[in-house]
Amino acid sequence: MPPRKPAKSSPSFVSRHGLWSDAQEKAAAEVERAIKANKLEVIRFSFADQHGVLRGKTLVASEAVSAMRSGVNMTTTLLAKDTSHKSVFPVFTAGGGFGMAEMQGGADFVMIADPTTFRVLPWANKTGWLLCDIYFGNGAPVPFSTRAIYRDALADLAKAGYDFLAGLEVEFHLFKLDDAMLTPEAATWPPQAPKVSLLTQGYQYLTESRFDMVDPAVEVLRHGIEKLDLPLRSVELELGPSQIEFTFRPQTSLEAADTMILFRAAVKQIARRHGYLASFMCRPGLPNMMSSGWHLHQSLIERKSKRNAFVDPDGLSSLGQYYLGGLLAHARAAAAFTTPTVNGYKRYRPYSLAPDRAIWARDNRGVMMRLLGEAGASSTHLENRVGEPAANPYLYMASQIRAGLDGIANRIDPGVSADTPYETAAALLPKSLGEAVTALRADDVFRNSFGAGFVDYYAHIKDAERERFEKEEPAHADDPLRVTPWEQREYLDLF
């Protein structure tokens, strides 16, 4: 009997659906070599969910190479969860509550690695990491993928002739972990918040001695971030107790948002391994805490000339002004993306270093949009001071692009510089998550650009989160100052 011919292998999920670019194909070959060269044992495949929280599976290295192309199955219920990790859609009904057969019954979707995101994790033994995009089994993109929403915004911006340049300035709290609350009695849903203590007292902003007190803990984080090859620029002591700020050099395309995703995950994981708790919750429910913000620096780069499109001899270019006008016009609706938690709205206070209304000014830290750079300077850019560090970076950045493009298309005038930011008459930012979600639902620009289906989906999840808060904390639902035990359980360790 003649020998059998070897069976032809079927095309991979990636090749069947044409999911990788030439650059990704080349990067995949590099990943294979890196796995062998570093003798890695496991690879983490992760995607950022609707909250910007990484979820995924860990594969042994021998399986990971093929899984890059064949995909890793995940449960669609992950896309149905609010910040308590509870499903808020009736997934076992027809259409799963989404009106989509693909989402019904807790079916699977597929994670496909983006090989260009590969890292070797310096804090985990012989471990690699890959960020993934998500698809249904038929190869169609999952419409609730926030990374895809940001990619679509970037593509439309590119059609207009520009790239998005973003720099990150992120505040967070770093605590000593005193009690992880791991008794069975504390394993409620959501679990009881860990008990923590301070690494420094506060209110000595940028003092050398206070920084030196926290430096042993910060050094561990800094080394991990640098080894990940993230573009770290500075490490700073913030105003509040145990409050730190990391800043990053500007990046274009998906890189800036991917950096924020990995940065938050890295900081939390490294901190926990060394007996600390890092929290990107805006305002922890502990005595004497200060709110943390995420200031997003941004400009547009002309794709042909590679020049900063915001530069003008007299200050901000006309295009930059229209872009700024769009950000201000859609600020109330965009708050659902820039400040997506109940807790984040306790930062918007007058006469602070946080905004409370949709205004701009040159180099003024009390406004929402701060114009930086001297007239004619190549570094001219805008700083949005409205965001909280728990925001999903893909949605935060996509909201900026979509609002800015609308401003350019409709030549929206941003008005004059607001030199007295807490006295200038202007639209107030939302005072609550519910107010922001209502504004989002009514914003045609976001409904059309993000997709009505996504806006309704996202608003439903945020409404479920808010309704649980109001049910448990009815006496404090409208209190703009008090941070409740509900918020502490919900956000301190999640973000």
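Buried here means under 20% relative accessible area, exposed means over 50%, and partly exposed is anything in between (1.4 Å probe, protein chains only). Helices (H or I, at least four residues) and strands (E, at least two) are DSSP runs, numbered from the N terminus.

A word on the model before the tour. This is a predicted model, in which local features need pLDDT of at least 70, side-chain atom pairs count only at pLDDT 80 or more, and totals for chains, interfaces and linings use all residues. Residues are numbered from 1 along each chain as its sequence is written, and side-chain values use heavy atoms, with hydrogens and water left out.

**The whole chain**

You're looking at 13 helices and 18 strands. A compact globule of 495 residues would have a radius of gyration near 23 Å, and the chain's own 23 Å agrees (taken over C-alpha atoms, with the globule rule being 2.2 Å times the number of residues to the power 0.38). Along the principal axes, the C-alpha atoms fill a box of roughly 90 × 55 × 50 Å. Of the 495 residues, 57% are buried. Take the contacts (heavy atoms within 4.5 Å) with a separation of 6 or more: 70% of them link residues 24 or more positions apart.

Charges come to 55 positive and 58 negative side chains, and the centres of the two sets sit 6 Å apart. For that count, Lys and Arg are positive and Asp and Glu negative, with His and the chain ends not counted; each charge is placed at NZ of Lys, CZ of Arg, CG of Asp or CD of Glu.

**Helix 10 and its cover**

Helix 10 spans residues 433-441, and Leu433, Gly434, Ala436, Val437, Ala439 and Leu440 are buried there. An α-helix has 3.6 residues a turn, so residues three or four places apart point the same way. Among the elements covering the buried residues of helix 10 are helix 8 (331-338), helix 11 (444-450) and helix 12 (452-472).

**Loops worth a look**

| Residue | Relative accessible area | State |
|---|---|---|
| Asp49 | 1% | buried |
| Ser317 | 7% | buried |
| Lys39 | 63% | exposed |
| Asn288 | 55% | exposed |
| Pro184 | 69% | exposed |

Asp49 sits in the loop between strand 1 (42-48) and strand 2 (54-60). Leaving aside residues up to four places away in sequence, Asp49 touches Arg55, Thr146 and Asn392. Ser317 is in the loop from strand 15 (315-316) to helix 7 (318-329), and with the same exclusion touches Ala309, Phe310, Val311 and Asp312. Ser317 and Met181 are 136 residues apart in sequence and 54 Å apart in space, C-alpha to C-alpha.

The loop between strand 7 (162-179) and strand 8 (195-197) holds Pro184. From Pro184 to Leu198 it's 14 residues in sequence but 26 Å in space, C-alpha to C-alpha. Pro190 is in the loop between strand 7 and strand 8 too, and the peptide bond from Trp189 to Pro190 is cis, with omega near 0°.

Two residues other than glycine have positive phi: Lys39, near 50°, and Asn288, near 65°. Lys39 lies between helix 2 (22-37) and strand 1, while Asn288 lies between strand 12 (276-279) and strand 13 (294-302).

**Cysteines**

No disulfides (pairs of cysteine sulfur atoms within 2.5 Å) turn up anywhere in the structure. Cys132 is buried at 3% relative accessible area, and Cys282 is buried at 1%.
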